[in-house]
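Try each task before you read its solution.

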Amino acid sequence: MIAKTIAEARKIVIKIGSNTLAKADGTINPEFMADFAEQVSALMKAGKQIVLVSSGAQVAGLSTLHRWARKKDIHYRQALCAIGQVELMDTWSASFRTYGIHIGQLLLTKEDFLDDHRTLNMRNTLFTLVDEGVVPVINENDSVSYEEIKIGDNDNLSALTAILWSADLLILLSDIDGVYDKNPKEYPDARLFEEVSDLAKLRSSISIGSSNSFGTGGIETKLEAAEKVTAYGIPMLLANGGKPRFLESLSNGTQPGTVFLAR
Ligand code: ADP
């Protein structure tokens with residue numbers, strides 16, 4: 001099912017969570033990013049168009065300014081994102097440059113998706129970048145965002161992006177293989193759901209445990225993202241970005257994941 005879903009999709013939005021981008025010590029993982037860029041370049045050579053939604057500005061900020069690690073104050077958090085976003089994009093840019101690919105940055109807030117003019121411009125920018133073989137890298141504009149205008153997590157941001165760009169598939173990469181009936185980090189016997197067609201039924205048959213140290217939304221926001229895109233006819237795949245050559249393995253059907261079927 002996973003291999004077929006990827007094979008049938010030309011326009012793919014891929015979201016990478018902070019847990020996937022961070023190493024165990026909380027610093028950014030450039031080896032992962034280099035490897036990911038290579039796999040994306042292979043997909044593009046195979047005719048796919050890719051838009052990236054990348055978390056990790058805070059992680060990248062902390063990698064740069066360790067002394068701010070204990071500062072929880074909102075101004076410091078937003079300032080840290082301003083610093084980290086540059087580091088994050090610098091690393092993405094270097095990773096993709098190895099394969100002759102340019103990247104372009106879009107920093108968005110909830111309000112951008114509510115305004116007709118802005119959404120039109122975002123759409124046109126995305127189409128132009130992708131048509132020119134550039135990989136757009138999207139993140140929430142955390143330095144200007146505040147609670148009331150926040151999307152709040154990149155799962156929902158990537159779902160809104162997939163809808164805006166009329167993607168064929170949304171892939172969310174996390175540090176687990178997919179949705180389980182209970183938190184696999186706490187319960188080794190947790191059972192993976194490989195295919196989901198009824199989200200309400202899924203919700204009633206799973207228990208949602210706590211999320212990871214660097215994660216923001218946990219499984220709940222992934223289900224919200226699935227609700228959004230599948231309602232627009234876009235399937236979603238939740239898979240593990242921590243495994244070697246995961247995009248290849250997913251494409252050839254040798255890595256498990258959860259596919260949310262389009263409605
Ligand atoms: P990311 O930053 O990659 O988006 P999050 O930490 O926000 O990831 O969410 C993924 C985490 O949710 C997993 O690491 C897992 O431990 C936790 N989790 C809780 N309940 C479940 C469940 N029922 N199925 C799968 N994962 C779950």
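**Exercise 1. In which strand does Lys15 lie?** Then work out whether Lys15 is buried or exposed, and list what it touches.

*Solution.* A word on the model first: it is predicted, and local features need pLDDT of at least 70, side-chain atom pairs count only at pLDDT 80 or more, while totals for chains, interfaces and linings use all residues. Residues are numbered from 1 along each chain as its sequence is written, and side-chain values use heavy atoms, with hydrogens and water left out.

Step 1: Lys15 lies in strand β1, residues 11-16. Helices (H or I, at least four residues) and strands (E, at least two) are DSSP runs, numbered from the N terminus.

Step 2: Take the cut-offs: buried is under 20% relative accessible area, exposed is over 50%, and partly exposed is in between (1.4 Å probe, protein chains only). The relative accessible area of Lys15 is 5%, so Lys15 is buried.

Step 3: Contact means heavy atoms within 4.5 Å. Not counting residues up to four places away in sequence, Lys15 touches Val53, Ser55, Asn154, Asp155, Ser158, Ile171, Leu172, Leu173 and Lys222.

**Exercise 2. Follow one of those partners, Ile171. Where is Ile171 found, and what is it in contact with?**

*Solution.* Step 1: Ile171 is in strand β5, which spans residues 169-174.

Step 1: With a relative accessible area of 1%, Ile171 is buried.

Step 2: Leaving aside neighbours within four places in sequence, Ile171 is in contact with Ile12, Val13, Ile14, Lys15 and Leu237.

Step 3: For a distance along the chain, take Leu52: Ile171 and Leu52 are 119 residues apart in sequence, and their C-alpha atoms are 9.7 Å apart.

**Exercise 3. How many residues of helix α8 are buried, which residue caps its N-terminal end, and what follows the helix?**

*Solution.* Step 1: Helix α8 covers residues 154-164, and ten of its eleven residues are buried. Among them are Asn154, Asp155 and Ser158, three residues that Lys15 touches.

Step 1: Asp153 is the cap at the N-terminal end, with a side-chain oxygen 3.1 Å from the backbone nitrogen of Asp155.

Step 2: After α8 comes Ser166, with a positive phi near 55 degrees. Most residues other than glycine have a negative phi. Ser166 has its positive value although it is not a glycine.

Step 3: Ser166 is in the loop between α8 and β5, and at 34% relative accessibility it counts as partly exposed.

**Exercise 4. At what angle do helices α3 and α5 cross, and which residues make the contact?**

*Solution.* Step 1: The axes of α3 (residues 30-45) and α5 (residues 74-97) come within 8 Å and cross at roughly 45 degrees. Axes are lines fitted to C-alpha atoms, for helices over the stretch in contact, and angles run from 0 to 180 degrees between N-to-C directions.

Step 1: Angles under 35 degrees count as roughly parallel, over 145 as roughly antiparallel, 65 to 115 as roughly perpendicular and the rest as oblique. The helices α3 and α5 are therefore oblique to each other.

Step 2: The contact is made by Pro30, Met33, Ala34, Phe36, Ala37 and Val40 of α3 and by Leu88, Thr91, Trp92, Ser95 and Phe96 of α5.

Step 3: These contact residues divide into nine nonpolar, two polar and no charged. Here Ala, Val, Leu, Ile, Met, Phe, Trp, Tyr, Cys and Pro count as nonpolar, Asp, Glu, Lys and Arg as charged, and the others, Gly among them, as polar.

**Exercise 5. How do α4 and α5 pack, and what is Ile83 in contact with?**

*Solution.* Step 1: Helix α4 (residues 57-64) packs against α5 at about 90 degrees, with the axes 7 Å apart. That makes α4 roughly perpendicular to α5.

Step 1: The contact includes Ala57, Gly61 and Thr64 of α4, and Leu80, Ile83 and Leu88 of α5. Its residues divide into seven nonpolar, five polar and two charged.

Step 2: Ile83 is found in α5 and is partly exposed, with a relative accessible area of 26%.

Step 3: Leaving aside neighbours within four places in sequence, Ile83 is in contact with Thr64, Leu65 and Trp68.

Definitions and conventions. Polar contact = N/O pair within 3.5 Å; in protein donor to acceptor, adjacent residues only side chain to side chain.
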